[in-house]
Amino acid sequence: MNATRATVTRTATVLATLALLVSVSECSLLKREGVERAGGPVGAEGPAEPPPALSPPVVDTRTVADWPDRPVTGESALPPLRARVIEPGYTGETFLKRLAAGRGITLKEREKVDFPGPPVWHAAGEKADGGVVEWIAAVWSFDGELERVTCSVTATAVDRIAFLRQCAGADRPAGTPAEVRAWLDGMVPRVDELFATGPGLTVTSPLLRRGATAAFLRKWHSEDRGGDTYELHLFGTGAGN
């Protein structure tokens, strides 16, 4: 009886050992062949996922025709500003020299600027006196034709409106300085009203458009410009824009 039980035990042990050897051998063979029972290469966690598709860049196709018709805050409401030549052959030299000299500002030599796109020329100058900063800047095409004029003045300046009115008097061929000045006088209070609704706002006016030129007024805070600041921008929009 005992002998029979021992024989059965030995037999079971042998069978278990054989089963283990078969299992190990099969596993080794499968590994050598580079597969597992679940399928796929050894060490892989499953089929590799394809890289996520890259989204195409978002291009803002808005133009000056989409400019808001009321003062707005921030930048998202504004279309991209792509200044063009104000008038073929117009350099604005006479106007800029007269404006700068009248305000006691010296414009620095032009510097070439390589924006994304065609290179342009840029010049600027400023005057600081008693916490008030006046600043004039201009951008020309690489051929020397005026594309943009920007004038800024600290909002606390006593003669801030006079300065902005002088900046609006560009003698550009397609412009009407008297209309720009009248528009400016009416726009300042509208910009002021929205600017006063909260701290740290940047407020931009609607456009004044005349032919292939446009103007807008901006008010924002800049420590470099003496605090709250007005900016008047005059620029070319290009024919048909």
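**Close-up views of a predicted model**

**View 1. Helices H3 and H4 cross in a right-handed sense.** The model shown here and in the other views is predicted. Helix H3 covers residues 160-167 and helix H4 covers residues 177-195. Their axes come within 9 Å and cross at roughly 145°. On the H3 side, the contact is made by Ile161, Leu164 and Arg165. Arg181, Leu184, Asp185 and Val188 make the contact from H4. Sorted by class, the residues of this contact are 4 nonpolar and 3 charged, with no polar ones.

**View 2. The largest pocket holds about 650 Å³ of space.** This pocket is lined by 24 residues, and those closest to its centre are Ala83, Phe115, Val139, Glu147 and Arg148. Four strands are named here as giving two or more residues to the lining: S3 (120-129), S4 (132-141), S5 (146-154) and S9 (227-236). Strand S4 supplies the largest share, 5 residues. The lining consists of 13 nonpolar, 5 polar and 6 charged residues.

**View 3. Trp121 and Phe142 form a stacked aromatic pair.** The structure holds 3 aromatic pairs, and the pair of Trp121 with Phe142 is one of them. The two ring centres are 5.6 Å apart, with 5° between the planes. Trp121 belongs to strand S3, whereas Phe142 sits in the loop between S4 and S5. The pair therefore ties together parts of the structure that are 21 residues apart in sequence.

Technical notes. Residues numbered from 1 in each chain as written. Predicted model: local features only at pLDDT ≥ 70, side-chain atom pairs only at ≥ 80, totals over all residues. Heavy atoms only, no water. Axes fitted to C-alpha atoms, helices over the stretch in contact; angles between N-to-C directions. Left-handed = near helix turned anticlockwise from the far one by under 90°. Contact = heavy atoms within 4.5 Å. Nonpolar A, V, L, I, M, F, W, Y, C, P; charged D, E, K, R; others polar. 1 Å grid on protein atoms, 1.4 Å probe; cavity = no way out; pocket = protein on both sides within 12 Å on 5 of 7 lines; lining within 4 Å. Points joined across faces, edges and corners; volume = space filled by probe spheres on them. Phe/Tyr/Trp six-rings, centres within 6.5 Å; stacked < 30°, edge-to-face > 60°.
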